[in-house]
Amino acid sequence: MAVWALDDWCLSQAGLQPQDGAQAMLAYQKTALERQARYAAAHSLFYRRLYENVDWGDYRSWPLIDQGDLRRQERRLVCLPQGEIQRIVSQYTSGSSGSAKRIYFSREDLAASEEFFVQGLRPWVSPGQALWICLSGAGPDGLGQTLAQAGRRLAAAPYILGEKTAPQQAAALAAYAPPQTLIGVPRPTLALAQTLPELRPQTVILSADDVAEDLRRQLSLLWRCRVLAHWGMTETGWGGGVECAPGSGYHLRHGDLFFEIIHPHSGEILPPGEEGELVISTLNRRAMPLLRYRTGDISRLLPGPCPHCGGVLPRLGTVWGHRLPHCIP
């Protein structure tokens, strides 16, 4: 099965057909965005005040929010009572001694992320084949367990090994469950390939960090495998976008997320193809909606059909994590 089915799935979430295309998807997203914003204003003290005088028909005029708002206004951003919160994920900024940002999820929010992983993994896993998950989050509702549950739904055999997989552990597991697909963090995955070149998964999906082209090339040579990249963050419910082929751009989770690129200094919305700061909005989040949230990441939206798979929805280009290229004044 080809990965461009991800675009078809996003369109189906919106009640659309594959032939309806990108403009129909955008119209759905704008309607869903306003619905999410009205929900947030009705249930969150933070958004109630922030959106007191907004023009509901023009999302471009809505205020931007950022990580500072998550830290300072944590409980005021939440739209559900504590009893309906399924999971809270705390994250500390690297090198910071400040308070953590905490993201709240309902059961429905987590189920939506699992469904995205099912669709994203579908082309790369086969019934009965081993899916190695070399990531953290092995506890209930963690990232590793969410991916594992997605693998089980595809009748694969998932194994959670952790972010820094010991070569001895990997070799022992490979003796009876060699990986068809391996999901891991770029540098630890390359280290594993250098230690165990005989492991030879068919597909490697790299996540949780920048994927340098040199690292991708080394990995594909060592294991003679297909190397794809995934982009996501805790704020997106981990899942965000996945490549259909190396360097194709990220096919995005358009049914659940709305993406903008803004000038990092002026806040002006930039057209497709121009590089700037990535801003995300959730469309269906129950516990903690994030609306026009500045990620700090730099990227661009790629217009037009994907040259590898023909997918018609906008894709995300290379993501530069929390650093501004010199080309953006």
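Is Trp62 buried or exposed? At 3% relative accessibility, Trp62 counts as buried, because buried means under 20% relative accessible area, exposed over 50% and partly exposed in between, with a 1.4 Å probe and protein chains only. This is a predicted model, in which local features need pLDDT of at least 70 and side-chain atom pairs count only at pLDDT 80 or more, while totals for chains, interfaces and linings use all residues. Residues are numbered from 1 along each chain as its sequence is written, and side-chain values use heavy atoms, with hydrogens and water left out.

Trp62 belongs to one aromatic cluster together with Phe46, Tyr47, Tyr51 and Trp56. The structure holds 10 aromatic pairs, where rings of Phe, Tyr and Trp (its six-membered ring) pair if their centres lie within 6.5 Å, and planes under 30 degrees apart count as stacked, over 60 as edge-to-face and the rest as tilted. Among them, Phe46 and Tyr47 are edge-to-face, at 5.2 Å centre to centre and 75° between the planes; Phe46 is buried at 9% relative accessibility, and Tyr47 is buried at 0%. Trp56 and Trp62 also form an edge-to-face pair, with 6.2 Å between centres and 80° between planes, and Trp56 is partly exposed at 22%.

Elsewhere, an open sheet of 3 strands has the order 10-11-12 with antiparallel pairing, where strands (E, at least two residues) and helices (H or I, at least four) are DSSP runs numbered from the N terminus, and two strands pair if DSSP finds at least two bridges between them. The edge strands, each pairing on one side only, are strand 10 (257–262) and strand 12 (293–299). Strand 10 pairs with strand 11 (residues 276–282) over 6 bridges, and Leu278 in strand 11 is the bridge partner of Ile261.

Arg286 forms one with Glu84, the closest N and O atoms being 3.4 Å apart. Arg286 lies in that loop and Glu84 in the loop between helix 5 (74–77) and strand 1 (87–91), so the pair ties together parts that are 202 residues apart in sequence. Arg286 is partly exposed at 27% relative accessibility, and Glu84 is partly exposed at 38%.

Methods. A salt bridge is a side-chain nitrogen of Lys or Arg within 4 Å of a carboxyl oxygen of Asp or Glu.
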